[in-house]
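Here are my notes on this model, as numbered points. Have the structure open while you go through them.

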Amino acid sequence: MQAQIQHEVMFTLTLPFMDANPATLVFRRSPRGEGQAPVFIVNVHSKSDTLGPVWLRTRLTGTDQVDLTMWAQVATVVEQAHDRQSELGSELEAAGLNLQSFQIIHGSRPTSDSDWTPSGRGLVVDISA
């Protein structure tokens, strides 16, 4: 409850699939200052035999500004992302979103993502299906 009062949000989900490896999603919003647009961050991590490990960080500022960063270890995945970057921008634009930046990195995502650390108060809810 305390985290909600401070307008902090953080959810972590793992989606299992019968025919593929699971994907992990992390949704978060750090507290914002007065007059600042809300910033939501969605991290997605998956690993498949074909694509290898892929990490996506989507940063949504306000209601329509999108910044994407992608880390992929397989060179062909990086090439495909570069080749389809404009298509992604067009699809997001059709959905009412503006792709500000799309950074594609050939390699592993850094282990430390310290741009925001939740307070730890009232953030953990364990739901088992």
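1. Start with the order of elements: from the N terminus, the protein chain runs α-β-β-β-β-β-α-α-β. That gives three helices and six strands. Helices (H or I, at least four residues) and strands (E, at least two) are DSSP runs, numbered from the N terminus.

2. A word on the ground rules. This is a predicted model, so local features need pLDDT of at least 70 and side-chain atom pairs count only at pLDDT 80 or more, while totals for chains, interfaces and linings use all residues. Residues are numbered from 1 along each chain as its sequence is written, and side-chain values use heavy atoms, with hydrogens and water left out.

3. Now the whole chain. Of its 129 residues, 26% count as buried (under 20% relative accessible area; exposed is over 50% and partly exposed in between, with a 1.4 Å probe and protein chains only). The accessible surface (Shrake-Rupley method, 1.4 Å probe; for residues, only the protein chains shown count as cover) comes to about 8,900 Å², and 54% of that belongs to carbon and sulfur atoms.

4. The largest nonpolar core has 12 residues: Val-54, Val-66, Leu-68, Met-70, Ala-72, Val-77, Val-78, Ala-81, Leu-92, Leu-99, Phe-102 and Ile-104. Such a core is a set of buried Ala, Val, Leu, Ile, Met, Phe, Trp, Tyr and Cys residues joined through side-chain atoms within 4.5 Å. E5, H2 and E6 are the elements giving two or more residues to this core, and E5 gives the most, with four residues.

5. Which residues of helix H2 are buried? In H2 (residues 75–83) they are Val-77, Val-78 and Ala-81. Seen down the H2 axis, they fall within an arc of 100°, so they line one face of the helix (the arc is taken from the directions from the helix axis to the C-beta atoms). Their cover includes strand E4 (52–61), strand E5 (65–72), helix H3 (85–94) and strand E6 (98–106).

6. Have a look at Leu-99 too. Setting aside neighbours within four places in sequence, Leu-99 is in contact (heavy atoms within 4.5 Å) with Val-66, Leu-68, Gln-85, Gly-89 and Leu-92.

7. Phe-11, Leu-13, Leu-15, Phe-17 and Phe-27 make a nonpolar surface patch of about 460 Å². Strand E1 (residues 9–15) gives the largest share of this patch, three residues. Leu-13 lies in E1 and is partly exposed, with a relative accessible area of 39%.

Notes. Patch = residues over 30% accessible without salt bridge, like charges linked within 9 Å, V, L, I, M, F, W, Y side chains within 5 Å. Salt bridge = Lys/Arg side-chain N within 4 Å of Asp/Glu carboxyl O.
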